[in-house]
Each structure stands twice: as C-alpha cells, then as structure tokens.
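Open your viewer and keep the selection tool at hand. We will go from one selection to the next, with a word on what is there each time.

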Amino acid sequence: AIIAYIVPGNGREWVLVALAMAGVALLEELLFRSLLLGGLAPLAPAWLLVLGVGALFGLMHSPQGVVGMAGAGLAGVIFGVLFLWSGSLLLPLTAHYAANMVQVTAAMFIDEDGP
C-alpha cells in the first residue's frame, strides 16, 4: 500500500520521486553504514556488525511487510559489504539509490491484482 503513494503519476512527479529517493538513500546510508557500521567498527567484528546493522535496516522497513523487511535486511547486508569492501559510502549509496528506483519503476507496472 505504501508504494502506491510513491509511484509517480506523471513526468513531474517522476523527477520529484527521483530527487526524494536520492535524499532517502543518502540519509539511510549515512545512518546505517557510516554511523553504525563505521562508527562501531572498533567495538565488534565487521561480519557481526554487517549482519546486525542489516537486520536493523530490515526491521526499520517493517511498513513494507515481512517480504519487504527480508528484502531490506538482505539489501542492508549487501550495502554493508559494499561499504566495507570499498571503504566509501559512494558504492553502497549508488546501489541503494538504484535499488529504490528499480522498486518504484517495477511498482509502476504492477496493479493490485498482480503484474
């Protein structure tokens, strides 16, 4: 139901959604990857942090339902691995933004009865 409010109805809305998704991805990456994963790195093993922060990321997406939470949790783990591997927020930020935009684009082609 939430995605229905996000799906753009025209070209102007598409631009606004794309801009909003950039801000969403940036804020989530700053919080989950930079602050939590990067900031807690001296205190715990990297693999444990990646899994824990990924699980928290999934839980924070609870309005999307169980499948959405599982997908967000897996994505959070992948974004965490990308962050550690690259040593930068640029790669996970780009992947996060792309994933969000793919989700919005896919939702445009699905109605309530299915594809």
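Angles over 145 degrees between N-to-C directions count as roughly antiparallel. Keep that cut-off in mind for the first stop, and remember that this is a predicted model.

Select residues 65-86, which are helix 4, together with residues 90-108, helix 5. Their axes are 8 Å apart and the packing angle is about 155°, so helix 4 and helix 5 are roughly antiparallel to each other. Now show the side chains where they touch: Phe79, Leu82, Phe83, Trp85 and Ser86 on helix 4 meet Leu91, Pro92, Ala95, His96 and Ala99 on helix 5.

Next, select Phe32, Val53, Phe57, Ala72, Ala75 and Phe79, the six residues of the largest nonpolar core.

The structure holds two aromatic pairs. Phe32 and Phe57 sit edge-to-face, 5.0 Å centre to centre with 80° between the planes; this pair links helix 2 (residues 11-40) to helix 3, across 25 residues. Phe57 and Phe79 are edge-to-face too, at 6.4 Å and 75°, and they join helix 3 to helix 4, 22 residues apart. Together, the ring pairs link Phe32, Phe57 and Phe79 into a cluster.

Are Phe57 and Phe79 buried or exposed? Phe57 counts as buried at 2% relative accessibility, and Phe79 is buried at 5%.

Finally, centre on Phe32, which is also buried. Beyond its neighbours within four places in sequence, Phe32 is in contact with Leu37, Val53, Leu56, Phe57 and Met60.

How values were computed. Residues numbered from 1 in each chain as written. Predicted model: local features only at pLDDT ≥ 70, side-chain atom pairs only at ≥ 80, totals over all residues. Heavy atoms only, no water. Axes fitted to C-alpha atoms, helices over the stretch in contact; angles between N-to-C directions. Helix = DSSP H or I, 4+ residues; strand = E, 2+ residues; numbered from the N terminus. Parallel < 35°, antiparallel > 145°, perpendicular 65-115°, else oblique. Contact = heavy atoms within 4.5 Å. Core = buried A, V, L, I, M, F, W, Y, C linked by side-chain atoms within 4.5 Å. Buried < 20%, exposed > 50% of the residue type's maximum accessible area, 1.4 Å probe, protein only. Phe/Tyr/Trp six-rings, centres within 6.5 Å; stacked < 30°, edge-to-face > 60°.
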